Amino acid sequence: MKMNDFITTDKLDRYLSNQVLEIIEQNNNYYQCNINNLNIQMQELVDYISRWSHEAKLPIVTMRLMNERTNDLILKKEMRLTIERLQLLLNTMLMSSKLRNPENDIKIEKILLSQVIKEAIKHHSYFLINDHFTIVINVKNEYVYSDRRWLTYMLDQFITNSIKYSQDNPSLIFTVVQNDRGLYLMVEDNGIGITKEDAPYIFDRGFTGHNLRDGDYRSTGMGLYFVKEIALKLGIEVTLDETYTQGCRFKLCFVDNADYFLIDY
C-alpha cells in the first residue's frame, strides 16, 4: 500500500480491528451530520440575505422619491450620492452572498461584450458623471461565452475601484485585444494605481493595501477577492498589468469554450 492511496472501508478491515472500524464510522457520521447542518445554515443565511436585500429596495425607492421633492440643491446632491452608494452596497452584498454557491446560479451564454460593459457603466453612471469621468470603449462586435450577471459584477468591481481611487481628469478605458490564446478585455484608469509592494496581494481576501484614503470611501478588501473567485468559476484568467504605470490596468482573458459548454454559434 502506498502512502497516498485512498483506503476504502472494505480495505480497512485488513489493518484495523472491528472496534476501531466502528469508531471511525461513528466519527464519519458525526462529521457528516455537522457538515450537513452547516450547509443548511449557510443556505438559510443566503436566502435571508436575498430576501432582506429585495425588501431593502423599497426604502431606497422611497428615499429617491423624497429626494426628488427636495428644493435644497446641496442637500439633494448629498442625498443622491448616499442613495446611490446604498444601492451599490446592496447589490454587492446580494451577489456576494451567492458567490459561496454560484453553480446553480450560473448561465453560460454567448454575450456581446460591449453590452455587458455598457450595463456595468450604467450601474455607476451617477458617480461617473458626478466625477466627470471620460469613458472610452474600444470594443466592437466581440463575443465571449460567460455568465452575463457574474461578468457584469466583475466589471462593477473594477469601475468601483476606478471611482474610489480617481485623480484629476479621471478616465476609464475598455479595450479588446485578440491573439492565438484568446480574447483579452483590458480595463484601465488613470487613478493613483497600485504599488509594486501591494500588487502580489490585491486578490487576497481582506487585503486593503497602502493606497487607502481618508475620504468618503472605506475599502473592505473584498472586491478584487470576489473578482478572482468568480473568475475561477467562469474559467476566466484575471490579472493585474504591473507594467502599466499611468494608473491601473486589469486584464480578463477569455478562451473560446463554446464546445465545452455545448453552445451553438
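The model is predicted, so local features need pLDDT of at least 70 and side-chain atom pairs count only at pLDDT 80 or more, while totals for chains, interfaces and linings use all residues. Residues are numbered from 1 along each chain as its sequence is written, and side-chain values use heavy atoms, with hydrogens and water left out.

From the N terminus on, their order is α-α-α-β-α-α-β-β-α-β-β-α-β-β.

Next, select residues 148-164, which form helix α6 with its 17 residues. From first C-alpha to last, α6 reaches 24 Å, close to the 24 Å expected at 1.5 Å a residue, where the expected span is 1.5 Å times one less than the number of residues. Because 13 of its 17 residues are buried, α6 is largely enclosed by the rest of the structure; buried means under 20% relative accessible area (1.4 Å probe, protein chains only). At the start of α6, show D147, a side-chain oxygen of which comes to within 3.1 Å of the backbone nitrogen of R149.

To see the meeting residues, display T92, M95, S96, K98 and L99 in α3 together with R149, W150, Y153 and Q157 in α6.

Notes:
Helices (H or I, at least four residues) and strands (E, at least two) are DSSP runs, numbered from the N terminus. Buried means under 20% relative accessible area, exposed over 50%, partly exposed in between (1.4 Å probe, protein chains only). A polar contact is a pair of N or O atoms within 3.5 Å; within protein, one must be able to donate a hydrogen and the other to accept it, and residues adjacent in sequence count only if both atoms are side-chain atoms. Contact means heavy atoms within 4.5 Å.
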